[in-house]
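Subject: Model for you to look at

Hi,

Here is the model we talked about. Please open it alongside these notes and tell me if anything looks off.

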Amino acid sequence: MRTDTLSNEEREEFKLRCRTFLDEHATGIHITAPDPRDKETIALNKAFQGKLAEAGLAGLTYPKEYGGAGLTKEHETIWREVYSNYPDMTTQLTISHGMCLPMLNEFGSEEQKEKYLADNISAETVWCQMFSEPGAGSDVASLQTKAELDGDEWIINGQKVWTTLAHVCDYGVLIARTNPEVIKHAGISMFIVDMRDPAVEIRPIHQIDGGMHFNEVFFTDIRIPKDNLLGPLHEGWRLATSMLMYERVAIGTGSTGGITTPHAKRLIEYAQKSGTISNPVLRQKLMKLYCEETAKSLVSMRTRAELKAGKAPGPGGSLGKLHGSKILRDVRSLINDVVGMEADAWAEGDRGQWWGRLALGSFQAGIAGGTDEIQKNIIGDRVLGLPREPSVDKGVPFKDLLVGTQKDS
Ligand SMILES: Cc1cc2nc3c(=O)[nH]c(=O)nc-3n(C[C@H](O)[C@H](O)[C@H](O)COP(=O)(O)OP(=O)(O)OC[C@H]3O[C@@H](n4cnc5c(N)ncnc54)[C@H](O)[C@@H]3O)c2cc1C
């Protein structure tokens, strides 16, 4: 990656290059797609990303030898700023690019980087994250999926849940227990799994908004090569923590840059058209949303500037994530005030459908990537320096803990 500072001329040239590309290609990836499994949307995303890679604009800061553009963080900042002017782009590749890609780049072996990075960057392959289990969500270190070494292969058995887009993914990053004899955080390892293996069973989960974006994933004696271990053996918890921080930054700062107020903008436009904008109480609420979104953008800019300066993503990412969840709660209530019944009942393809899905989908913001309560714990403990939560399983080997199905044995 280049580290030098750009001249004004280079900056303007690159801005124009981004704008020219986006004017031509950033159309048609709308989030209203009626396909409940969103296969159409992911196909559009893949096509867009492929074009981006052809134009030398994908994986901007990743090395050229791994399929990236080998450019500077400043180029990335410019891209984000230009990109923020193109509304209605989806975030379907957030997990693949915002979480799996940096993990492969940071912890992958040379062979793994050569094998996987370029296809991930161009979205030739899409990746998912397999952490949560029925008995291990907030307390994900209690996971029970196990990986056992047999010669040159790992044999994996267990179940994951809430795996976003597993049904359209080629690979997944999985954490599994490799040593139950030690404390729960010490006996976990991270693996790369081929999602198309017949021993991986993927079942859809039906959502309240009509979608089916996430899944239950079952592993029955799936054998994966020994070399699919990602990072050192039994150090999966350290890697998982890194991935969760990338996740909070990816969710909390989004894919755009600069100051953006997308929800306030849309709701204000709607209120202007319907005439409700003259209601002083509503105006007050819309203004508050505008301020919250502006403040969130500014904090995101600070987080990204820290990353640009070489700082690893830290607990500060939890601030953006928590704030995003609060903003969506306010948006849900404002949809009720501004859009009203149109968002409650709609005919297929109406704009009301978009608002309705946004209102229903907004509940996920306080759960996905770690619940609001967990973000508050992290902020209290690691940002504010408050005392840690008491730990009831300190020093106890995982096999002796009463978690998951071990409760019943
Ligand atoms: C849209 C969406 C997409 C997702 N995608 C993925 C994915 O791709 N891959 C993946 O692995 N997972 C994914 N998840 C799962 C997500 O990470 C978990 O749902 C989340 O971590 C919470 O775990 P849980 O559902 O088991 O809830 P639980 O951990 O059982 O929590 C239940 C309640 O208890 C509270 N609670 C738990 N522990 C504490 C504590 N110590 N202090 C205070 N309160 C506490 C929680 O805040 C919550 O209110 C996704 C979830 C959603 C909603």
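In the hairpin of β2 and β3, two residues sit between the strands, and G151 there takes a positive phi near 65°. Strand β2 covers residues 146-150 and runs antiparallel to β3, with five bridges joining them. L149 stands opposite W154 in β3. Strands pair here if DSSP finds at least two bridges between them. Helices (H or I, at least four residues) and strands (E, at least two) are DSSP runs, numbered from the N terminus.

Before going further: this is a predicted model, in which local features need pLDDT of at least 70 and side-chain atom pairs count only at pLDDT 80 or more, while totals for chains, interfaces and linings use all residues. Residues are numbered from 1 along each chain as its sequence is written.

β7 in turn pairs with strand β6 (residues 200-204), antiparallel, over five bridges. R203 has E216 in β7 as its bridge partner.

Next, β5. Strand β4 (residues 171-177) is joined to β5 by seven bridges, and the two run antiparallel. Y171 has D194 in β5 as its bridge partner. β5 and β8 are antiparallel too, with two bridges. There, F191 is partnered by L229 in β8. β5 (residues 188-194) is mostly covered, with six of its seven residues buried. The burial count works on C-beta atoms placed from the backbone: a residue is buried if 20 or more others lie within 10 Å of its own, exposed if 12 or fewer, and partly exposed in between.

As background, side chains in a regular strand alternate between the two faces of the sheet.

**Overall build**

The protein has 11 helices and eight strands. Its radius of gyration is 22 Å, close to the 22 Å that the globule rule gives for 409 residues, so the protein is as compact as a globular protein of that length. That radius is taken over C-alpha atoms, and the rule is 2.2 Å times the number of residues to the power 0.38. Along the principal axes, the C-alpha atoms fill a box of roughly 65 × 50 × 45 Å. Of the 409 residues, 39% count as buried.

The domain assignment gives domain 1 (8-90), domain 2 (128-236) and domain 3 (258-370). These bounds come from an automatic or database domain assignment. The centres of domain 2 and domain 3, taken over C-alpha atoms, are separated by 32 Å.

**The ligand**

Where does the ligand lie? Domain 2 and domain 3 both give residues to the shell around the ligand, so it lies between them. There are 21 residues around the ligand, and F131, G137, S138, T371 and E373 come nearest. The elements giving two or more residues to this shell are β1 (127-130), β3 (153-164) and α11 (372-383).

By type, the shell has nine nonpolar, 10 polar and two charged residues. Ala, Val, Leu, Ile, Met, Phe, Trp, Tyr, Cys and Pro count as nonpolar, Asp, Glu, Lys and Arg as charged, and the others, Gly among them, as polar.

**Backbone points to check**

A123 is not a glycine, yet has a positive phi of about 65°. A123 is in the loop between α5 (110-121) and β1. With 23 C-beta neighbours inside 10 Å, A123 counts as buried.

H234 is not a glycine either, and has a positive phi of about 65°. H234 sits in the loop between β8 (229-230) and α6 (236-253). H234 is partly exposed, with 17 other C-beta atoms within 10 Å.

G236 lies in helix α6. G236 counts as buried, with 29 C-beta neighbours inside 10 Å. From G236 to G254 is 18 residues in sequence and 26 Å in space, C-alpha to C-alpha.

Last, helix α9 (residues 317-338). At 1.5 Å a residue, its 22 residues should span 32 Å, and its end C-alpha atoms are 31 Å apart, which agrees. The expected span is 1.5 Å times one less than the number of residues. α9 is followed by G340, whose phi is positive, near 65°.

Best wishes

Notes: Near = placed C-beta within 6 Å.
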